[in-house]
Amino acid sequence: MSLYLAVAGIAVNPLAVLGLAATAGTLSGLFGTGGGFLLTPLLMFLGIPPAVAAASGCNQIVASSCTGALAHKRLGNVDVKMGLIFLSGAVLGGAAGAQVVRILRGLGHYDDAVKAVYVVMLALIGAFMLRESLQARQRPSGGPGFTTSRIKGLLARLPLQTEFRVSGIRTSILFIVGLGFFAGFLAATLGVGGGFITIPVMIYLLGVPTLVAVGTGLFQIVFTGISVTFQQALTNHTVDLVLAVVLFGGAAIGAQIGARIARFFRAQQIRLFLAVAVLAVMAGMMAGLLSPPETAMTIVRAGGGH
Amino acid sequence: MARIRLFHVIVLLMVSATLAFSPAAAEERMTLMTDAGTIEAGMGFDGCRLAIAGETPAGSQVYVKIVGPAQTSVLSRRGRKGPVWLAVEAVRVQGMPALYQVLSSNGLDLPDGVRRATGIGPDYAPLYAGARVLSGNEEHADVLPPDRSRTYLDDLVRAYEKGDLYRLIPKGIHVNGTSYAGNVYLPPEAPRGEIRLTAYAVRDGRVVAQAQRTVTVRNTWLVRLMDAAARQEPAAYGITAIIVALATGLAVAQIFRRLNGLAGKEKGLTAGQ
């Protein structure tokens, strides 16, 4: 059984794609993260070109995040003002990221760059989460513990301070735009929503209540995903709609499974599992970069015969 | 398989009938038939087997060459930089067909004259003459000399062989008297476009007859639409992708709301970022 992906130009096993998406979705439901940072590397393991995996993964993020964002909006957990300011940065970051993808693909370095960035990013996230979850086991509360007062002090000195009533905080517009730019850039280059970075930043650095941070994070990710999907389609022609639809299905089912499994574990256990999952994917990608390739030459792209 | 066998039987009967009525004329005559003239490749296209058959002069060996449209490929060579294997050089290869297969009723070690006439050899070297390997960007490209090109062409061939696009199959044709038959495998990634099949009858060290046929592999309308829309109408395609994503997300939310039974169970709908 195979499924021909017209934009990727390759045939894949749809059950394998569905299975990967369901796995990423389960992790997403289990750990409360988007799962995009695991989905893109897993798609690359299946042989899908990284640029198509990242762009189609971003399209999938639109579908998966809009369900969550709607639910949080109904519950009053979305700070629309912060989300819109964040979005202005995300649009700029997404545009910059799509151009970087275009340039790196032209130079033939995108695939390696994206893998290298993933290895570094997953190593940092995995190590941080592992350390944090192991430390949490020794704390009576079991919750995360950080010392962020110095960074908070720096944020308070930035210009254009404004009040965010829903979040109940006061911070600089520049910082929110910068955070949005970073999230947009990550979405375009890596196919991730960036929630695994932006939501902790909102919670721990800005002091946004957890549910509002998650709701606002999902709200901005819907629009970041829309913006980046459009820019990737326009600039790089790498959005594979068929792949994205299979991913929607798998991720949606997986997210529900994950949410149910999560009830059987304590928070620090879940964070420990996620840390191990992240480090395992990182190790797989690193092995790919460090071990000699099967063939010295790979076909980056072919055309002219279609 | 049943369809292929039936096809072969029909061809054999036709060949026998032809020979019965004109034995002298059939001696140097060659035909080439396939069980399909057009192959429609849809989203579930899993590759296909194309049955080939025909008549050939008595006592001849049959060689069938299948050549897909030429295309430009970008090859990236990986090299070690410190502990990491990275793309260190990229070249463009022009003039190599995207599909190349040779089936024969005998070995592929042909006399020089036949090799020149058919372009068939024991390896893919005959293709190299028409290929160009270019380094540098599209504005300032340098054509690499044959000795440097060869490494790249060998690697391209290996990559194509891995995908079943390039194959050399000695004894892939069965000759029975004055008829022959065989099967060509076209993988899912077979190039779309016209594929040219040429059959050669070789006897006493020379080509005594040949026949040609063209088979078209084309995407079904939905695949064509997706491919064309993504490349030629990227804005409309991007908007469609977004609408589909939003509609799917909302539909999934509704489905799970109903499955959960209670509208208040919205916590379970957070699918992530």
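Contact here means heavy atoms within 4.5 Å. The model shown in these close-ups is predicted.

**Figure 1. Helix H9 of chain A meets helix H7 of chain B.** The axes of H9(A) and H7(B), residues 234–260, come within 8 Å and cross at roughly 150°. Angles over 145 degrees count as roughly antiparallel, and the two helices H9(A) and H7(B) are therefore roughly antiparallel to each other. The crossing of H9(A) past H7(B) is right-handed. On the chain A side, the residues of H9(A) that take part are Val222(A), Ile226(A), Thr229(A), Phe230(A), Ala233(A) and Leu234(A). They meet residues of H7(B), among them Pro234(B), Tyr237(B), Ile239(B), Ile242(B) and Leu246(B).

**Figure 2. Asn236(A) sits in the loop between helices H9 and H10 of chain A.** Helix H9 covers 210–235 and helix H10 covers 241–261. Asn236(A) has a relative accessible area of 7%; because buried means under 20%, Asn236(A) counts as buried. Its side chain makes a polar contact with the side chain of Gln232(A), at 2.7 Å. Setting aside neighbours within four places in sequence, Asn236(A) is in contact with Ala98(A), Val101(A), Arg102(A), Arg105(A) and Gln231(A).

**Figure 3. Helix H2 of chain A is mostly covered.** The buried residues include Phe37(A), Leu38(A), Leu39(A), Leu42(A), Leu43(A) and Met44(A). Gly36(A), Thr40(A) and Pro41(A) are also among them. Just after H2(A) comes Gly47(A), with a positive phi of about 100°.

**Figure 4. An open sheet of 6 strands in chain B.** Chain B as a whole has 7 helices and 14 strands. In this sheet the strand order is S2-S14-S13-S4-S7-S10, and the pairing is mixed. Strand S2 (38–41) and strand S10 (166–169) stand at the edges with a single partner strand each, so one side of each is left without a neighbour in the sheet. From one strand to the next, the twist averages 15°. Within the sheet, strands S4(B), residues 61–67, and S13(B), residues 193–203, run antiparallel and are joined by 7 bridges. Gln61(B) stands opposite Val202(B) in S13(B). Strands of a sheet pair through backbone hydrogen bonds, either parallel or antiparallel.

**Figure 5. Strand S8 of chain B pairs with strands S6 and S9.** Strand S8 covers residues 132–135 and strand S6 covers residues 84–97; they run antiparallel, joined by 4 bridges. Val93(B) has Val133(B) in S8(B) as its bridge partner. Strand S9, residues 142–143, also runs antiparallel to S8(B), and 2 bridges join this pair. There, Leu134(B) has Val143(B) as its bridge partner.

**Figure 6. Leu110(B) lies in the loop between strand S7 and helix H3 of chain B.** Strand S7 covers 100–104 and helix H3 covers 112–118. Leu110(B) is buried, with a relative accessible area of 6%. Apart from neighbours within four places in sequence, Leu110(B) is in contact with Tyr63(B), Arg115(B), Thr118(B) and Ile120(B). The C-alpha atoms of Leu110(B) and Gly205(B) are separated by 7.9 Å, although these residues are 95 residues apart along the chain. For chain B as a whole, buried residues make up 47% of the 273 residues. Among contacts in chain B between residues at least 6 apart in sequence, 71% join residues at least 24 apart.

How values were computed:
Residues are numbered from 1 along each chain as its sequence is written. Chains are lettered from A and ligands numbered from 1 in the order in which they are written. This is a predicted model: local features need pLDDT of at least 70, side-chain atom pairs count only at pLDDT 80 or more; totals for chains, interfaces and linings use all residues. Side-chain values use heavy atoms; hydrogens and water are left out. Buried means under 20% relative accessible area, exposed over 50%, partly exposed in between (1.4 Å probe, protein chains only). A polar contact is a pair of N or O atoms within 3.5 Å; within protein, one must be able to donate a hydrogen and the other to accept it, and residues adjacent in sequence count only if both atoms are side-chain atoms. Two strands pair if DSSP finds at least two bridges between them. Axes are lines fitted to C-alpha atoms, for helices over the stretch in contact, and angles run from 0 to 180 degrees between N-to-C directions. Angles under 35 degrees count as roughly parallel, over 145 as roughly antiparallel, 65 to 115 as roughly perpendicular and the rest as oblique. A crossing is left-handed if the near helix is turned anticlockwise from the far one by less than a right angle, and right-handed if clockwise.
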